[in-house]
Structures are given as C-alpha cells and as structure tokens.
Amino acid sequence: DLVPEGTLVHNLEHGQLVVWYDPQAPADVRDQIETLVEQEPIATVAAPYDNLPGPYTFALTAWGASQMCEGVSQATVDEFRTRFQGRGPESVGIPPFTPSE
C-alpha cells in the first residue's frame, strides 16, 4: 500500500529519511533501494514518485535536505544518513545513523 505523501512529510519531520524513486527505474536500482530501506527500517522508507527529473532514478530526502541520485552508492547514502537521519525538528524515536566500520 502507498503511504500518503502527507504522512511521509510528517515522517521527515520526525527525522526519518524518505527515498523517492522513479517507478520506471531499472529493477536493479529498485532492488538496491529496497536493500537500503532494510538496512535502517525504522529510519528509512521508500515511495514511488513519478516526477523525478531525468537522469535521476531516486532522491534521498530528509527534513530540509534532498539529494538527487542516478545510481545507488552505499557511501553516498551512508553520508546522507550520517548528516540527516534522526535530526528532524521533532526527532522522535529515529536514532541518528552511525556507519559501521
């Protein structure tokens, strides 16, 4: 089931990250995004978004921040998580990200 956009924005306010992805993105990109969500399931959610400008396949978003991406890079995602996860204006129950060594 699709989560309403208003709910996703509320999640951002609480410090969760939302990965908006092009539903027409290649299957391997969608699979990699699913893996990213599984890594931090309490702090990350993915949702389809039809209006991403090409050539981007997804966007990482946090409260007050976004980053457009063409392909999945664990290092880029971890850097974004480190900077923004758990840091919304009403951070409730979303822990900051600590990358594994």
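Contact here means heavy atoms within 4.5 Å. Helices (H or I, at least four residues) and strands (E, at least two) are DSSP runs, numbered from the N terminus. The structure is a predicted model, in which local features need pLDDT of at least 70, side-chain atom pairs count only at pLDDT 80 or more, and totals for chains, interfaces and linings use all residues. Residues are numbered from 1 along each chain as its sequence is written, and side-chain values use heavy atoms, with hydrogens and water left out.

**The sheet**

Four strands make up an open, mixed sheet, ordered β2-β1-β3-β4; two strands count as paired if DSSP finds at least two bridges between them. Because β2 (44-48) and β4 (65-69) are the edge strands, each with a single partner, one side of each has no neighbour in the sheet. From one strand to the next the twist averages 20°. Angles run from 0 to 180 degrees between N-to-C directions, and axes are lines fitted to C-alpha atoms, for helices over the stretch in contact.

β1 (residues 17-21) pairs with β2 in the parallel sense, over five bridges. Within this pair, Val18 stands opposite Val45 of β2.

**Helices on the sheet**

Two helices touch the strands β1, β2 and β3, as listed here.

| Helix | Residues | Strands touched | Direction |
|---|---|---|---|
| α2 | residues 27-39 | β1, β2 and β3 | about 150° with β2 |

**Helix α3**

The buried residues of α3 are Val77, Asp78, Phe80, Arg81 and Phe84, where buried means under 20% relative accessible area, exposed over 50%, and partly exposed in between (1.4 Å probe, protein chains only). These residues lie on the same side of α3 because they cover an arc of only 160° around the axis; the arc is that of the directions from the helix axis to the C-beta atoms. The buried residues of α3 pack against β1, α2, β2, β3 and β4. On the face turned away from the buried side, α3 carries the exposed residues Ala75, Glu79 and Arg83. Just after α3, Gly86 has a positive phi of about 75°.

**The salt bridge**

A salt bridge is a side-chain nitrogen of Lys or Arg within 4 Å of a carboxyl oxygen of Asp or Glu. By this rule there is one salt bridge. The side chains of Arg81 and Asp78 form a salt bridge, at 3.9 Å from N to O. Arg81 and Asp78 are three residues apart in helix α3 (residues 74-84), so about one helical turn separates them. Arg81 is buried, at 2% relative accessibility, and Asp78 is buried at 19%.
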